[in-house]
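Let us walk through this structure one site at a time. Keep the sequence and the coordinates side by side as you read.

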Amino acid sequence: MKRAICLIIVFLLLSGCAAKDTTFNHTFFCMDTMMDFRIWGSDSTDAANEMADMLEAMEEDWSASSDTSLLAALNDGTADLTEEQEALIARVEALSQRTGGAFDPRLYAVTELWGFPTDDFRIPSQEEIDAALLEQRWDLGAALKGYAGERCIQIMEQYDVERALLDLGGNIQTYGSKPDGSPWNIGIRSPFDSGTIGTISITGTMSIVTSGDYQRYFELDGQRYYHILDPKTGRPADSGLSSVTVICEDGLTADVLSTALFVMGLEEGTAFYQESDDFEAVFILTTGEVYATEGLTLTGCTFQVIPHEN
Ligand code: ADP
Ligand code: MG
């Protein structure tokens, strides 16, 4: 009898869980990358579908390679932007200024010259680079996935979604908290192999974005040329870093700053961190050394702490 009651309780618990804790996994290709969504909550499927539609529309609007996108119209000075789109551009401009131009949203002609959008790689001459820098053509490639993470949160807030772990092609967006209050554990990829160098613990809704020299590159005569460019030179940023991960509540800021800090390097990036109070970061040097800002919980590797006070 006791055993039967136990079995009934177990059954009720399991069926109760299944009804309440509906998980939905969705893997799809968008914005030139694989996206992988894990969503918990009774509306998880509907929310995932709306997010996928939104991402597709966003990709179309802000495509740098299309002649008919909104971004193309922005380059021509003929764009008719909605209030939301205007706000995005204004935020991007303000963030670019905040980084002292290390993040430059108008490098598309230079990026194209190196062949990164089409995998048609080549090393351009200095004259070609100088001319392309003057073109000032828009490219939101270093910011859009972070912004997309923010928009995903706005969508999930309108549905019965308890929590979510969204991987937008290496940009991680957490949403909500686990029922037992335990943190999200996010692995930081090693730039040197396919493993992870450590794990950071994240509580609640947060954006975790990495820019690295291993994400898109080509090699020639033993030299690696990667897709993050120093706007001052128009060449791959040679800052001594292999990757930077930024953790920030604001998705767009996280994405912009991961690119900008990669361009700045450890020293300038440390000074930038000490002047700021809205993000944490992990810097991985080309030597393999790891530096993490003091507000982070990083485990699984040895690292030096970057204090917030100088
Ligand atoms: P990913 O998009 O691969 O995750 P990033 O967010 O760092 O990595 O964005 C890199 C892309 O941003 C490049 O492919 C290029 O289109 C553009 N880009 C390159 N250098 C810069 C820069 N200094 N500022 C802004 N955008 C850049
Ligand atoms: Mg970025």
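A polar atom in the side chain of Ser63 lies 3.4 Å from the backbone nitrogen of Ser65. This is a predicted model, so every distance here is computed from its coordinates. Ser63 sits in the loop between helix H2 (44-61) and helix H3 (70-76). Is Ser63 buried or exposed? Its relative accessible area is 17%, under the 20% limit, so Ser63 counts as buried. Setting aside neighbours within four places in sequence, Ser63 is in contact with Ser69 and Leu71. Now look across the chain. Gly141 is 78 residues from Ser63 in sequence, yet the two C-alpha atoms are 8.5 Å apart in space.

Move on to Gln85. This residue belongs to helix H4 (residues 83-98). Gln85 is buried, because its relative accessible area is 11%. Which residues does Gln85 touch, leaving out those up to four places away in sequence? They are Asp61, Trp62, Leu70 and Asp80.

Next comes the metal. The magnesium ion is ligand 2. Its protein donors are Ala142 (O), Asp255 (O), Asp255 (OD) and Thr259 (OG1). They lie 2.2 to 2.5 Å from the ion. Along the chain, the donors follow the spacing A-x112-D-x3-T. Distant parts of the chain are linked here: Ala142 and Asp255 are 113 residues apart. Ala142 is in the loop between helix H6 (126-135) and helix H7 (144-157), while Asp255 is in helix H8 (residues 251-275). Their accessibility can be read off in turn. Ala142 has 22% relative accessibility, so it counts as partly exposed. Asp255 has a relative accessible area of 5%, so it is buried.

A polar backbone atom of Ala142 is 3.4 Å from an oxygen atom of ligand 1. Two further backbone contacts involve nitrogen atoms of this ligand. A backbone N or O atom of Ala102 lies 3.0 Å from a nitrogen atom of ligand 1. For Leu229, the corresponding distance from a backbone N or O atom to a nitrogen atom of ligand 1 is 2.8 Å. How much of ligand 1 does the protein cover? On its own, the ligand has 560 Å² of accessible area, and the protein covers 91% of it. There are 18 residues around ligand 1. Of these, Asp139, Ser211, His227, Leu229 and Thr259 come nearest. Thr259 is also a magnesium donor, through OG1.

Leu229 points the way to Ala237. Leaving out residues up to four places away in sequence, Ala237 touches Tyr226, Ile228, Leu229, Asp230, Phe262 and Val263. Ala237 is found in the loop between strand E11 (235-236) and strand E12 (241-248). With a relative accessible area of 0%, Ala237 is buried.

Finish with the aromatic rings. The whole structure holds 10 aromatic pairs. One of them joins Phe218 and Tyr225. Their ring centres are 5.1 Å apart, with 20 degrees between the planes. Angles under 30 degrees count as stacked, so this pair is stacked. Phe218 is buried at 8% relative accessibility, and Tyr225 is buried with a relative accessible area of 15%. Both rings belong to one aromatic cluster, made up of Trp114, Phe116, Phe121, Phe218 and Tyr225.

Definitions and conventions: Residues numbered from 1 in each chain as written. Chains lettered and ligands numbered in written order. Predicted model: local features only at pLDDT ≥ 70, side-chain atom pairs only at ≥ 80, totals over all residues. Heavy atoms only, no water. Donors = N, O, S within 2.8 Å, 3.2 Å for Na, K, Ca; no water. Helix = DSSP H or I, 4+ residues; strand = E, 2+ residues; numbered from the N terminus. Buried < 20%, exposed > 50% of the residue type's maximum accessible area, 1.4 Å probe, protein only. Contact = heavy atoms within 4.5 Å. Near = heavy atom within 4 Å. Polar contact = N/O pair within 3.5 Å; in protein donor to acceptor, adjacent residues only side chain to side chain. Areas by Shrake-Rupley, 256 points an atom, 1.4 Å probe, with all protein chains shown as cover. Phe/Tyr/Trp six-rings, centres within 6.5 Å; stacked < 30°, edge-to-face > 60°.
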